[in-house]
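Student: Could we go through this model together, asking each time what a label rests on?
Tutor: Gladly; here it is.

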Amino acid sequence: MPETRYALPKDNPRPLSGFMTWLDRRTGVYSLLREALDEPIPGGARWAYIFGSGLLYLFVSQVVTGIFLALYYVPSSDHAHTTVSYISKVVSSGLFLRSIHAYGATAIVIVLFLHMSQTILYGSYKGPRELLWLSGCFLLFLMLGMAFTGYLLPWDQKAYFASAVGTNIISEVPLIGSSLQRLLRGSSQMGTLTLSRFYVLHVFMLPGLLIAFTATHIFLFRKAGPAGPSNEDPFHPKLPAQKFYPRQLVMDMVASLLIVLALALVAYFVPIRLGPQAVPSDTSYIPRPEWYYLPMFQWLKVVGGRWSLLGGIVLPGLLAMLFAAIPFFDRGRERRPWRRPLVVAGFTLFVACYAGLGALSYHDDASDSNVAAQLARQRNAEIRYMRQPFKPEAASSAPPAAPAPPSGDPLIAKGATIFAAGPCGDCHGTRGEGTDKAPALIGISQKYSADRLAFLLHHRTPEMIDGGMPSVDLDQAETAALVAYLRSLK
Amino acid sequence: MSTPAHVPEEVTASVAERRSFLRALLVSVGGLVSATLAFPLVRFATFPLRVREDETSWSDVGKIDEFVSLAEPAVRTINVERTDGWRSSTAQNGVYVVPGESGKLKVLSSVCPHLGCAVRWIDKKDRFICPCHGGTFTKTGVHVAGPPLRAMDELESKVENGVLKVRFQYFRQLAANKEPVA
């Protein structure tokens with residue numbers, strides 16, 4: 001790498017302002033910026049290179065919208081659906097942001113596919129880029145995990161049943177399958193623990209890994225340098241280079257703009273739907289995963305039965321490993337796609353099969369009239385649900401029941417009646433549990449004897465008077481009953 | 001290396017001009033990208049500022065017939081619906097229905113304007129008396145003795161289909177003027 005890239009260029013057309021010099025001396029921000037913007041691209045800027053930046057933009061957008069959605073979302077099976085409904089129907093821009101977040105996942109899958117295709121067609125994984133490729137494969141895996149875990153969070157019918165099927169596949173893993181499934185679900189059945197686990201994966205663990213591996217991916221990319229066009233040498237670039245800034249940056253920014261505009265238009269005009277709350281006992285519901293998981297779903301239908309282990313776990317696992325190993329067996333300097341028929345044809349075949357399976361799934365659903373009718377019913381139920389006004393969840397905040405005497409002692413019962421009838425509960429709590437106005441009375445028997453308590457009731461200490469404790473107007477029998485009740489509080 | 005790896009394509013007088021155009025393009029595109037998300041995000045996060053929380057619903061006190069020949073205050077427990085974000089809760093509050101001037105019914109909050117204890121109607125003294133600090137009020141809630149700084153708080157009420165309804169509110173305590181607590 002040329003050393004000149006790191007030095008502050010003397011021929012810089014715009015000298016640094018005083019403040020920038022001051023800031024740069026203390027932070028090195030300007031050198032960092034130069035380092036980022038002066039990345040040399042062999043052969044110059046191209047539209048084919050925009051997908052990586054597009055993914056980075058989409059990821060940032062998902063993080064930001066996700067954080068904001070968490071302002072109202074509650075990950076618990078009895079509140080999740082209500083809170084998503086509240087976001088969608090009540091909170092300003094809620095439906096729009098939820099749509100941006102949900103469609104953003106689809107956009108990431110699409111742009112990931114384009115990013116991967118470009119890398120494979122251009123042979124950009126060649127040269128010292130094996131780890132760069134592997135970190136990318138891991139990022140793909142993490143992103144698919146994000147899509148899978150995020151799907152359950154709204155806890156509507158679609159989310160619940162699709163995730164139930166998704167976690168069922170895991171039980172096919174030999175030996176540890178059922179333990180693995182239990183670990184992921186938090187129980188043998190889908191439930192509120194499943195939701196908590198998916199939430200933690202979706203919001204803490206996977207994003208943490210994604211941030212770490214995105215940083216690694218970018219670091220490795222800058223270390224190896226851009227591969228350039230497919231006629232460029234992957235080890236020692238020879239084509240004249242162009243800096244990332246300004247041309248490639250403009251292209252990348254335009255790509256981000258197109259992505260966000262497309263997302264915003266779809267989110268605004270075709271907002272995402274929320275279906276009715278999940279009813280686990282519903283036996284008629286036909287779950288369907290997101291479209292990008294549909295081919296996998298169709299494949300599992302094909303290889304069902306005794307082939308499910310081989311077809312559902314072993315074959316996809318082998319394919320994934322083969323995919324990750326591409327830079328280890330496709331070596332050499334040749335990068336032009338027509339000179340690398342094995343990899344390019346293999347990838348094309350895989351994409352064609354995957355798309356074909358997806359199409360087959362749609363075809364199967366459309367040609368079976370029963371399934372088609374049920375799917376239409378489910379869709380209509382979602383549309384109907386979205387039209388209903390938001391119904392708040394009725395919280396059980398009925399005032400605590402009048403304190404019941406803990407024993408059958410008539411004296412304590414009488415004391416409880418006196419306590420409830422007097423103003424005592426206003427400050428000490430209806431069960432003597434204490435409020436911010438006065439201390440708790442529970443356990444007072446350990447502090448004062450019955451006589452001392454009776455004395456205090458009629459002869460208030462200065463602290464009690466300052467605290468607003470009124471004088472007690474009770475005869476001897478009533479005082480004894482009240483003291484008995486107070487001493488019974490535990 | 002004697003020559004930089006990045007050879008400028010064209011070094012002409014228009015480079016500076018072209019650069020400032022690109023910079024303007026970047027700023028505007030970047031601004032547009034950020035604004036598309038920033039605007040709904042700000043609206044989303046500031047949503048609670050635009051929710052009208054003072055809009056408490058009307059609660060039923062009872063049939064109007066029960067109060068027609070009212071000679072002294074009648075205590076009633078009402079259910080107050082409160083919306084807490086995506087939850088709704090029902091709280092119970094005590095109110096007094098008292099005969100006002102010219103036969104119109106008044107509904108008083110039982111919350112003492114002094115420190116918030118529940119004021120009681122003491123029949124034999126013909127007065128409302130707060131058990132905590134002895135605030136005393138007349139039959140219509142006018143303050144006559146004790147620490148409270150104002151009369152008992154009258155609540156907004158109406159008669160609909162023969163049912164007396166009230167809008168329950170809390171008012172600031174220890175204040176001479178009745179101001180609702182949002």
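Tutor: Let's begin with strands: two strands pair if DSSP finds at least two bridges between them, and helices (H or I, at least four residues) and strands (E, at least two) are DSSP runs, numbered from the N terminus. The model is predicted, so local features need pLDDT of at least 70 and side-chain atom pairs pLDDT 80 or more, while totals for chains, interfaces and linings use all residues. Residues count from 1 along each chain as its sequence is written, and chains are lettered from A and ligands numbered from 1 in the order in which they are written.

Student: Why are β5 and β8 of chain B said to stand at the edges?
Tutor: The open sheet has the order β5-β6-β7-β8 (chain B), with antiparallel pairing. β5 (120–122) and β8 (143–145) of chain B each have a single partner strand, so one side of each lacks a neighbour in the sheet.

Student: How do you know that β3(A) pairs with a strand of chain B?
Tutor: β3(A) and β3 (87–99) of chain B share three bridges in the parallel sense. Ala395(A) stands opposite Ser89(B) there.

Student: Which residues make up the contact between chain A and chain B?
Tutor: Chain A brings 42 residues and chain B 39 residues, where contact means C-beta atoms, placed from the backbone, within 7 Å. α10 (244–269) of chain A is one of the contributing elements, and nine residues, the largest share of chain A's side, come from α10(A).

Student: Why is Thr216(A) called partly exposed?
Tutor: A residue is buried with 20 or more other C-beta atoms within 10 Å of its own, exposed with 12 or fewer, and partly exposed in between. Thr216(A), in helix α9 (192–224) of chain A, has 17 C-beta neighbours inside 10 Å, so Thr216(A) is partly exposed.

Student: What makes a set of residues a nonpolar core?
Tutor: The members are buried Ala, Val, Leu, Ile, Met, Phe, Trp, Tyr and Cys residues joined through C-beta atoms within 7 Å. The largest core has 55 residues, with Ile108(A), Trp155(A) and Ala159(A) having the most contacts inside it. Its largest share, ten residues, comes from α5(A).

Technical notes: Contact = placed C-beta atoms within 7 Å.
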